[in-house]
Protein chains: 2
Amino acid sequence: MDNRLQILFARRSIRRYTGEPVSEVEIHSLLEAGMAAPSGSNQKPWHFVVVTDRATLRALADAHPYGKMLANAALAIAVCGDPGISDWWLQDCSAATENILIAAAGLGLGGVWISSHGRPEREQAFRDVLGIPETIGVLSMLSIGHPGEEKKARTQFDAARVHRNRW
Amino acid sequence: MDNRLQILFARRSIRRYTGEPVSEVEIHSLLEAGMAAPSGSNQKPWHFVVVTDRATLRALADAHPYGKMLANAALAIAVCGDPGISDWWLQDCSAATENILIAAAGLGLGGVWISSHGRPEREQAFRDVLGIPETIGVLSMLSIGHPGEEKKARTQFDAARVHRNRW
């Protein structure tokens, strides 16, 4: 592992949190990171719904079969995309999601990617809780907080998935 | 911009290269970064085709309407996904693609994301050049090299895209 890339390998899925709040400065940094992602023709088709209200976090937890950790998260960020702006929104919002998770690791926070787009009933449940328009895709929900569990940095490198010059 | 996140903001789309080769150690680091991405249920549905052969790079450049920079890149990486492993492959491979681009920035290299999946004729043209099976999706092609152009780190932060607790 190259030390210059530590932030990438340190990003792990963190589902337990200490309960300590995440500061507004840190939330701003997470959003900066998300919007620093590349997008098709730089159309930036993303929207971010930042949730710190506890009752809303609990409602999000109840809205998704694998979303229980949201009830104890310091915040959630719904990464949404507008297909009317770009038909690359799914890739673009995935890159933005990954940027936010890497930024969380870089700030000493932890988070996990909860998928919604691709499972219409989960996507709709998140829309309903947050009042997101029907025309907007909800790519993912991020659950973020101060880590209440420790996971080692790792690469998952697998030579069997690498091809050279030809498949 | 928080300095701990510098690598994220330093990632810019770099389309001009010096011609200097990228070392095998660096290529390995790029692949480690790609495979360090999160994936749905950790199924890791990705494959990576690393291209350093000049004739193949030229053929890739000819295969895509916005792929001209590939002809002068030190390498290309086709980020592919197997829908038979996971129906989250598009999100997973987007995260892997973004990780590789961030890693390139972290190593002092530069790259650009060339989209293919979503435009069937572009995806098929890449498949044909690299002998990629029909059952495999080609999410993106990355063009990578030592930067021959300089771009400033930036955030693209836009407060109009941020919603709080509700859309």
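Reader: What makes residues of chain A and chain B count as being in contact, and how many residues are involved?

Author: The model is a predicted one. Contact requires heavy atoms within 4.5 Å. By that criterion, 71 residues of chain A are in contact with 71 residues of chain B.

Reader: How do you know through which surface the copies meet?

Author: Of the interface residues of chain A, 100% are also interface residues in chain B, so the copies meet through the same surface.

Reader: What makes the relation between chain A and chain B a rotation, and by what angle?

Author: Chain A is superposed on chain B by a rotation of 180° with 0.0 Å of shift along its axis, and the RMSD is 0.0 Å. The two copies are therefore related as by a two-fold rotation axis.

Reader: What area is buried between chain A and chain B, and what share do carbon and sulfur atoms give?

Author: About 6300 Å² is buried between the two chains. Carbon and sulfur atoms give 57% of that area.

Reader: Why is the pair Glu24(B) and Arg164(A) called a salt bridge?

Author: The closest N and O atoms of Glu24(B) and Arg164(A) are 2.8 Å apart. The criterion asks for a side-chain nitrogen of Lys or Arg within 4 Å of a carboxyl oxygen of Asp or Glu, so the pair qualifies. The count between chain A and chain B is four salt bridges, and there are 42 residue pairs in polar contact between these chains, both residues at pLDDT 80 or more.

Reader: Which element gives the most to the side of chain A that touches chain B?

Author: That element is α4(A), with nine residues. By class, this side of chain A has 37 nonpolar, 18 polar and 16 charged residues.

Reader: What makes β5(A) and β1 of chain B paired strands?

Author: Pairing requires at least two bridges between the strands. β5(A) and β1 of chain B, residues 46–51, have three bridges in the parallel sense, so they count as paired. Within this arrangement, Val162(A) stands opposite Phe48(B) in β1(B).

Reader: Why does the pair Arg11(A) and Glu98(A) count as a salt bridge, and what does it tie together?

Author: The N to O distance between these side chains is 3.8 Å. Over all chains, the structure holds ten salt bridges.

Reader: What does Met1(A) touch, not counting residues up to four places away in sequence?

Author: Met1(A), in the segment before α1 of chain A, touches Phe9(A), Ala153(A), Arg154(A), Thr155(A) and Glu32(B) on that count. The C-alpha atoms of Met1(A) and Arg154(A) are separated by 8.2 Å, although the two are 153 residues apart along the chain.

Notes
Residues numbered from 1 in each chain as written. Chains lettered and ligands numbered in written order. Predicted model: local features only at pLDDT ≥ 70, side-chain atom pairs only at ≥ 80, totals over all residues. Heavy atoms only, no water. Least-squares fit on C-alpha atoms with pLDDT ≥ 70 in both. Buried area = accessible area lost by both parts, 1.4 Å probe. Polar contact = N/O pair within 3.5 Å; in protein donor to acceptor, adjacent residues only side chain to side chain. Helix = DSSP H or I, 4+ residues; strand = E, 2+ residues; numbered from the N terminus. Nonpolar A, V, L, I, M, F, W, Y, C, P; charged D, E, K, R; others polar.
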